[in-house]
Amino acid sequence: MKLNLKLSFPFVKTFLVSIISFVILLKLPPVLFDAKMEAKVFNFGIYQLILNPWTENTQWDQFLTPWILWVSGLISKPEDLVFILNWFTILSGVIFVGFIAHRLDWLLAISLCFILSSSPLYLIFQTWIGFSDPFTFLLITLYLILLYSEFLPKLKTFGLSLILFLGMTNHLFQMLSLVLLVNVLYLVYHQDKIKMLFDAFLLASVLYTLFLVSIFTYTSIGWNQTRVSVFSQMWGNEFIRMNQSEFFLGTVGLFHGLWPLVVYIMFRMPISLLGFVFCYLLSMMTYDTGRVFAILSTPILLLLSIQNWQSASIMEKRIWILFSIASPIICKLYPLFYKWDGKIIYLQ
């Protein structure tokens, strides 16, 4: 009887933490990031792609989200899209928090729940509607979970490559940037995993090449250079205009209520500064600066949170918990915003 109680306790703890995280991630972000209609960005084009993802209008580097929603048959009106993508966002957070509670520590899990719910990423999820980012975030959280799980090396390599492949079909350049950042920082603490990560990347690249050949050969989807064209415009005067305007507020908006926690991480783990700077440099080359930085920096923050907790003292863990609980409170102290096209867009 005692043995059964001992075995069941971790699962009960994980279940309870998952329920708590579900409630927090469901209720807190809409309160913190409630936005007027003018502050929201709607991607109306994705609804038409969901009705038929096999047309020439589907971008070859963003295929997975329209295809999954088309296969599901759950989308009959645009409102359905908003509802489902929001649930994918919540699901991603709950899965990750539940894993942390089971694998590491329930206190870290709860603190990460507050961090996620008050992060600029969830601000973006509340304001940029109809984009493929929730699927990308789900996949990168699964990638992080697999990195810190205990599986046979070959099985883990295959799992990582499959997640990476799916991410590449969802948003190629976004997923490549994310995995590059996550892999580099992961290898700082786990140098012996370099072969596994390289093999996973190689297998995913082969699968993605076969995927591209298939869709270009057997569907109406064609090659276009939209990403390259937009990227090429972001040099010279346009680059200067975008990044010198609203520099102070743009910097504040990178983390909003998470700034005390991020500064603490930089103090504890100086290597984190390089990761965040790289995210910032990539975001400087896009018009939707705040959105891109939030998407790139959040998985890094999650990875660094795990590494920090594993080496922290009791006092350092208490400071961490204090900063994480304070993050949503700080978000309510001033009008929130994000940066787009060199301008500050206030939520209210």
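User: What counts as a nonpolar core, and which residues have the most contacts inside the largest one here?

Analyst: A nonpolar core is a set of buried Ala, Val, Leu, Ile, Met, Phe, Trp, Tyr and Cys residues joined through side-chain atoms within 4.5 Å. Buried means under 20% relative accessible area, exposed over 50%, partly exposed in between (1.4 Å probe, protein chains only). In soluble globular proteins, nonpolar side chains tend to be buried together. This is a predicted model, with local features needing pLDDT of at least 70 and side-chain atom pairs counting only at pLDDT 80 or more, while totals for chains, interfaces and linings use all residues. Residues are numbered from 1 along each chain as its sequence is written, and side-chain values use heavy atoms, leaving out hydrogens and water.

Okay, the case: the largest nonpolar core has 90 residues, and Tyr-143 and Leu-147 have the most contacts inside it. Helix H16 (residues 289-311) gives the largest share, 12 residues; helices (H or I, at least four residues) and strands (E, at least two) are DSSP runs numbered from the N terminus.

User: Which residues does Leu-147 touch?

Analyst: Contact means heavy atoms within 4.5 Å. Not counting residues up to four places away in sequence, Leu-147 touches Lys-156, Leu-160, Val-182, Tyr-186, Met-196 and Leu-197.

User: Where is His-256, and is its place buried or exposed?

Analyst: Most residues other than glycine have a negative phi. His-256 has a positive one, about 50°, although it is not a glycine. His-256 sits in the loop between helix H13 (247-252) and helix H14 (259-268), and is buried, with a relative accessible area of 3%.
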